Amino acid sequence: AEKKGRVEFRDVTFKYPGAEAPVLSNISFTAEPGKTLAIIGSTGAGKTTLVSLLPRLYDVASGDVLLDGVPVTKMDASEITSRVSAVPQKPYLFSGTIEHNLRFGKPEATDEELWDALETAQAKGFVEEKSSGLNRRIAQGGTNVSGGQRQRLSIARALVTKPNVYLFDDSFSALDVATDARLRKALKAKTRDATVIIVAQRVSTIADADEILVLDNGRIVDRGTHDELLETSPTYQEIVES
Ligand code: M5T
Ligand code: MG
């Protein structure tokens with residue numbers, strides 16, 4: 001069967017409600033199942049805005065966002081959420097147990113699936129270290145876990161749903177470089193058939209992506225692989241050197 005999860009942006013323009021200037025202009029790209037697409041760019045470039053258009057946190061002003069050829073504006077919310085898992089830049093945890101947090105998108109998941117997701121997200125040790133395990137309680141706002149643990153639990157939650165498309169918005173930034181690398185390696189093995197879109201600050205997080213989009217001031221200014229961009233993109237070189 002053909003793999004699912006092809007994402008296409010066609011000449012997308014977007015403005016926040018009430019704003020005058022567009023935050024995104026003429027955005028066109030395709031992300032394919034089995035591949036990793038990365039988005040990099042300075043703060044305020046529009047990365048979070050861009051990835052929020054697929055799960056329809058906002059709708060485009062013009063152009064189209066398509067999932068397997070169908071505009072997302074023609075899909076209902078439950079279909080999109082079952083097929084697209086987004087890990088937000090500021091991950092949220094519910095007050096309740098770790099299990100409750102992980103099962104959020106897929107209540108029927110087995111314990112084995114939860115542990116498997118935790119292992120991939122490099123969060124298994126953290127959950128195992130207390131005897132309460134999956135029943136360990138997360139305080140309101142997730143204040144009793146660190147930023148990096150919050151990110152990893154949020155990644156595990158996305159893995160439990162086994163979607164066609166993963167969106168990671170700066171999800172690896174609170175991890176040390178070694179954990180970041182281990183997590184992405186495990187992730188790659190577990191998400192072979194899915195489309196993976198990674199927003200990153202660090203070049204090391206995305207150097208092995210199949211394609212990298214360089215976003216600046218709401219526009220894609222350059223695109224290519226890491227090696228290509230090192231040769232051709234002054235904006236990318238600046239990010240590498242920063
Ligand atoms: C892009 C503005 C923001 C900036 C531009 C989320 C949000 C953003 N903006 C709003 O006006 N309202 C909003 O709700 O849009 O912002 P971004 O998409 O958040 O940029 P980024 O993700 O590339 O930045 P960062 O800091 O996460 O690397 O002008 O003011
Ligand atoms: Mg952002």
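Thr48 is partly exposed, because its relative accessibility is 35%; here buried means under 20% relative accessible area, exposed over 50%, and partly exposed in between, with a 1.4 Å probe and protein chains only. This is a predicted model, in which local features need pLDDT of at least 70 and side-chain atom pairs count only at pLDDT 80 or more, while totals for chains, interfaces and linings use all residues. Residues are numbered from 1 along each chain as its sequence is written, chains are lettered from A and ligands numbered from 1 in the order in which they are written, and side-chain values use heavy atoms, with hydrogens and water left out.

Which residues coordinate the magnesium ion (ligand 2)? They are Thr48, through OG1, and Gln89, through OE1, at 2.0 to 2.3 Å. Donors are N, O and S atoms within 2.8 Å of the metal (3.2 Å for Na, K and Ca), and since water is not among the atoms, sites may look incomplete. Thr48 belongs to helix α1 (residues 47–52) and Gln89 to the loop between β6 (84–87) and β7 (96–97), so the pair ties together parts 41 residues apart in sequence. Helices (H or I, at least four residues) and strands (E, at least two) are DSSP runs numbered from the N terminus. Gln89 too is partly exposed, at a relative accessible area of 36%.

The largest nonpolar core has 41 residues, and Leu153 and Phe168 have the most contacts inside it. Such a core is a set of buried Ala, Val, Leu, Ile, Met, Phe, Trp, Tyr and Cys residues joined through side-chain atoms within 4.5 Å. Helix α6 (residues 147–160) supplies the largest share of this core, 6 residues. Apart from this core lies another, of 28 residues, including Leu37, Val84, Ile197 and Val199. Leaving aside residues up to four places away in sequence, Phe168 touches Val87, Ile155, Leu187, Val196, Ile197, Ile198 and Val199, where contact means heavy atoms within 4.5 Å.

Next, the strands. One open sheet of 4 strands has the order β2-β1-β4-β5, with antiparallel pairing; two strands pair if DSSP finds at least two bridges between them.

Elsewhere, strand β3 (residues 36–40) pairs with strand β11 (residues 211–216) in the parallel sense over 4 bridges, with Leu37 opposite Glu211. β11 also pairs with strand β12 (residues 219–224), in the antiparallel sense over 5 bridges, and Ile212 stands opposite Gly224. The hairpin of β11 and β12 has 2 residues between the strands, and Asn217 takes a positive phi near 50° there.

Finally, the loop between β8 (137–138) and α6 contains Gln140. Is Gln140 buried or exposed? At 67% relative accessibility, Gln140 counts as exposed. The C-alpha atoms of Gln140 and Lys124, which are 16 residues apart along the chain, are separated by 21 Å.
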